[in-house]
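User: I'd like to learn how to read a model like this one, feature by feature. Could you walk me through it?

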Amino acid sequence: MTSDQLGSFGFLQSGFAQEPLSLLDFGLEARQNETYDFSNADRDYSGYLFQYTLEGQGVFSWEGRDRVQLPGTAFFSSIPENSRYFLPSGGTDARWEYLYVHFQGEAVRPFFSRIRRFFGPCFCLPPDSFPILLWLNLHRELREGRRLKSYEGGELVYRFLSSLLRTLESPSLPEPSAAVAAGLQYMKEHFDRRFSMEELAARLGLSPAYFTRLFTRETGQTPLSCLNGIRLSHALFLLLNTSLSIDEIAVSCGFSCGNYFCKVFRRASGLSPAEYRKRHGG
């Protein structure tokens, strides 16, 4: 990365003191053969820091363990907390190029808590994933003269956090094999019918156990979870756009009965179908 591509941008707040999300500053930086060592425990302000390694390497230390930050690796920390990030000393080629984003707001906490719980402070992201491209593209646009509008910084932070969690929870997977693709297509076209995974596997000429392993490996979820997701998606539409009863919706979406539909729906949403319709149906 050339020096004219580097640089940081800061943002003044709108004056709305209770803004739930606000972008403070972000940028692309390079550190090389210098003292670069920050402790998040010593900060005199609060917020959150996301830092993604583009080239070279650095170190993020948390709970007494050093985690090397190689290209494609990010750390996500709250400020203040007992963590530290630094450029390793020694050697003449020590260099760390990274993208960083600094933001604050109460709305960050649920995203941060979920990411820390399931993925820890450090994780890998593809360089062409949306959470990274969002900031790289914005950096280029700001260098070319664009200016953010009021509250746009908070909007960008929300898009970033949502896409970050989505990317971590549903990483990009390669194109499925012919058998898995055929199984997916059958589910989409016949979700309103009652059929077992054993019957679907037999239709594809596979054993149920092999089909389940293959499908799960290639899609990240079991065949039954995928089928229920397709059925629930259609059920949501019917709940919000028709006056069909719960039992009628269950049957039309391929569930064996209303009770089973309610059980699956509550497990996925935390609400019963009737509660969901009352809350969101307008």
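## Reading the fold, then the residues

Analyst: Let's start with contacts along the chain. Counting contacts in the protein chain between residues at least 6 apart in sequence, 70% join residues at least 24 apart. Keep in mind that this is a predicted model.

User: How many helices and strands does the protein chain have?

Analyst: There are 10 helices and 10 strands in the protein chain.

User: What about overall dimensions? What radius of gyration does the protein chain have, and what would a compact globule of 282 residues have?

Analyst: The idea is to set the chain against a reference. A compact globule of 282 residues would come out near 19 Å, but the protein chain has 24 Å. For the outline, the C-alpha atoms fill a box of roughly 65 × 45 × 40 Å along the principal axes.

User: Let's zoom in. Where is Asn40 found, and is Asn40 buried or exposed?

Analyst: Start with the element, then the accessibility, then the partners. Asn40 is in the loop between strand 3 (37-39) and strand 4 (47-56). Asn40 counts as buried because its relative accessible area is 0%, and the cut-off for buried is under 20%.

User: What does the side chain of Asn40 make a polar contact with?

Analyst: Its partner is the side chain of Arg43, at 3.4 Å. Leaving aside neighbours within four places in sequence, Asn40 is also in contact with Phe60, Ser77, Ser78, Ile79, Pro80, Glu81, Ser83 and Tyr85.

User: Ile79 and Pro80 are both on that list. What kind of peptide bond joins Ile79 and Pro80?

Analyst: For that you read omega. The bond joining Ile79 and Pro80 is cis, with omega about 0°. Pro80 is in the loop between strand 7 (73-79) and strand 8 (83-86).

User: Where is the place of Asn33, and where is that of Tyr151?

Analyst: Asn33 is in the loop between strand 2 and strand 3. Tyr151 is in the loop between helix 2 (130-143) and helix 3 (152-169). Asn33 counts as partly exposed because its relative accessibility is 45%. For Tyr151, the value is 47%, so Tyr151 counts as partly exposed too.

User: Now residues that pack across the chain. Which residues does Phe103 touch?

Analyst: Skip residues up to four places away in sequence, then read who is left. Phe103 touches Ser22, Leu23, Leu24, Gly47, Tyr48, Phe50, Phe76, Val108, Val157, Phe160 and Leu161. Phe103 sits in strand 9 (residues 95-104) and is buried, at 0% relative accessible area. Phe103 and Asp25 are 78 residues apart in sequence, yet 7.0 Å apart in space, C-alpha to C-alpha.

User: Ser22 is one of those partners. Where is Ser22 found, and which residues is Ser22 in contact with?

Analyst: Ser22 is in strand 2 (residues 22-32), and its relative accessible area of 4% makes it buried. With neighbours within four places in sequence left aside, its contacts are Gln13, Phe103, Gln104, Gly154 and Val157.

User: What about Phe123: where does Phe123 lie, and is Phe123 buried or exposed?

Analyst: Phe123 lies in strand 10 (residues 122-124) and is buried, at 7% relative accessible area. Beyond residues up to four places away, Phe123 touches Phe50, Gly72, Thr73, Ala74, Phe76, Ile115, Leu164 and Leu168. Phe123 and Gly72 are 51 residues apart in sequence and 8.6 Å apart in space, C-alpha to C-alpha.

Note on methods: Residues numbered from 1 in each chain as written. Predicted model: local features only at pLDDT ≥ 70, side-chain atom pairs only at ≥ 80, totals over all residues. Heavy atoms only, no water. Helix = DSSP H or I, 4+ residues; strand = E, 2+ residues; numbered from the N terminus. Buried < 20%, exposed > 50% of the residue type's maximum accessible area, 1.4 Å probe, protein only. Polar contact = N/O pair within 3.5 Å; in protein donor to acceptor, adjacent residues only side chain to side chain. Contact = heavy atoms within 4.5 Å. Rg over C-alpha atoms; globule rule 2.2 N^0.38 Å.
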